[in-house]
Amino acid sequence: MTKTTSPPYDPRSVANLMLDEADRVGISVSHISLQKLLYFAHGLYLNATKAPLVSGYFEAWKYGPVHPTVFQAFKSAGAEPISFRAKGRNALTGQIKEIGEPGDPQIRQHIQQVLLSYGRLSSGRLVEISHAKRSPWDFIVDKSRTSVAFGLRIPDDVILERFKHHKIAVGETPSTGEPSEDTPLA
């Protein structure tokens, strides 16, 4: 398998790595959980290095930040734990191909730390954290009520500025329940 050497990485590559590491430590990951874990990995990395972990962008969807490329790659899993890995397609031939994983061992360590911190939280709890007041998601959703927010994209500069507002709510279960499938905000 090909290894890519420097960020920003293909978000499917980081998602595949995250799923491999989750399998290694016995964490079951649904599509909604994967989206939030990838977002937290990206935000933490961005704040630590001032550089993005993944290419592309996140959008503010009903249940929190979603990376559209990762959504397309894993949407067939629905609410079930993800048991497959994202593949790529050669643009010229249409042939399916493996997606290289990040080659930097520090990225694997970063993903392991994110899983250690957030990986065993329920999807509902991850959604609550991603919806925190003044967080990037909340900021973009609020902004969309009064001005144009193109595709409800969450720019990296907003993540950099507002990621610190994510807090873990206290309680046994998330107040929003356990979502099974995400949808764009309308």
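Is K50 buried or exposed in this predicted model? K50 is exposed, at a relative accessible area of 57%; over 50% counts as exposed.

**View 1. K50, a residue with positive phi in a loop.** The loop runs between α2 (31-49) and β2 (58-61). Phi of K50 is near 65°. That value is positive, and K50 is not a glycine. Most residues other than glycine have a negative phi.

**View 2. R134, in the loop between α5 and α6.** Helix α5 covers 123-130, and helix α6 covers 136-146. R134 sits in the loop between them. Phi is positive here too, at about 70° for R134, again in a residue that is not a glycine. The relative accessibility of R134 is 49%, so R134 counts as partly exposed.

**View 3. The cis peptide bond between P7 and P8.** Omega is about 0°. Most peptide bonds are trans. P8 belongs to the loop that links β1 (3-4) and α1 (11-25).

**View 4. E21, a buried residue of helix α1.** E21 has a relative accessible area of 3%. Because buried means under 20%, E21 falls in that class. Which side chain makes a polar contact with the side chain of E21? The partner is Q112, at 2.9 Å. Leaving aside residues up to four places away in sequence, E21 touches R108, I111, Q112 and L115.

Methods. Residues numbered from 1 in each chain as written. Predicted model: local features only at pLDDT ≥ 70, side-chain atom pairs only at ≥ 80, totals over all residues. Heavy atoms only, no water. Helix = DSSP H or I, 4+ residues; strand = E, 2+ residues; numbered from the N terminus. Buried < 20%, exposed > 50% of the residue type's maximum accessible area, 1.4 Å probe, protein only. Polar contact = N/O pair within 3.5 Å; in protein donor to acceptor, adjacent residues only side chain to side chain. Contact = heavy atoms within 4.5 Å.
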